[in-house]
Amino acid sequence: METQTSTNADTPFRIAVLASTNGTDLQAIIDEMKAGKMPGIELTCIISNKKSCYALERARNQGYKAIFVNPRDRTREEFDEKVAEILRKYEVDLVVLVGYMRILSEQFVKKFPQKIINVHPALIPKFCGADFFGTSVHEAVLGAGEKETGMTIHYVDEGCDTGEIILQKTCLVSPDDTPDTLKTKVQALEKQYYPEVIRQLSSQSKVS
């Protein structure tokens, strides 16, 4: 952008992904990177609390740094401090949560204010919070007879799904939808818009 200084323009916007599951949205980010659609953005590492997490395998198979942090015998705060050490080592500008099945400690969030984002598979404030994750979200949407659902990308704060909303996108709920078909619809939105939000935040960080 014309308002960028040469120093900012030459410095990559470094992101790290925290994941616990398959990493479907991670793959979408990697695909856009490999297609040259994420200029100036560097995926420094993928960190997981699950050793067998497929997101780590995706990372290794495609040449990215994959790091398992063992939560065993660590308090939540001790675990998060170890993750924070890794993020500081890689000088990360943005922490991207992708199916990360841990609630971040308050001390961790305060270390990275407005630098952690998450995608939730519903339209916050509906069907969010500690009791709503994975398939349970889509089951709740169907059980409530909702006519539409979608996804929310938001900043992470000390609460659970309470951070500032960055973007929401919707899709229709059909009478014949199941939790699995609804998951597919919502994931399509996530894969399209998560990379876009990362691009926007990267651009904003370089405007000064």
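Glu106 and Lys110 sit four residues apart in helix α5 (residues 106-111), so about one helical turn separates them. Helices here are DSSP runs of H or I with at least four residues, numbered from the N terminus. The side chains of Glu106 and Lys110 meet in a salt bridge, 2.8 Å from N to O. That term stands for a side-chain nitrogen of Lys or Arg within 4 Å of a carboxyl oxygen of Asp or Glu. Side chains of opposite charge can pair when their charged atoms come close.

How open are these two partners? Glu106 is partly exposed at 44% relative accessible area, while Lys110 is exposed at 52%. In these terms, buried means under 20% relative accessible area, exposed means over 50%, and partly exposed lies in between (1.4 Å probe, protein chains only).

## How the model is read

This is a predicted model, in which local features need pLDDT of at least 70 and side-chain atom pairs count only at pLDDT 80 or more, while totals for chains, interfaces and linings use all residues. Residues are numbered from 1 along each chain as its sequence is written, and side-chain values use heavy atoms, leaving out hydrogens and water.

Lys82 is partly exposed at 32% relative accessibility, and Glu85 is partly exposed at 38%.

Glu81 also forms a salt bridge, with Arg88, and their closest N and O atoms are 2.7 Å apart. Glu81 is partly exposed at 23%, as is Arg88 at 42%.

## Rings that meet

Now look for the aromatic rings: a search of the whole structure finds two aromatic pairs. Rings of Phe, Tyr and Trp (its six-membered ring) pair if their centres lie within 6.5 Å; planes under 30 degrees apart count as stacked, over 60 as edge-to-face and the rest as tilted. Phe108 and Phe112 have ring centres 5.1 Å apart and planes at 45°, so this pair is tilted. Phe108 is buried at 1% relative accessible area, and Phe112 is buried at 7%.

Phe127 and Phe132 make an edge-to-face pair, 6.1 Å centre to centre with 75° between the planes. Here Phe127 is buried at 17%, whereas Phe132 is partly exposed at 27%.

Note on methods: Helix = DSSP H or I, 4+ residues; strand = E, 2+ residues; numbered from the N terminus.
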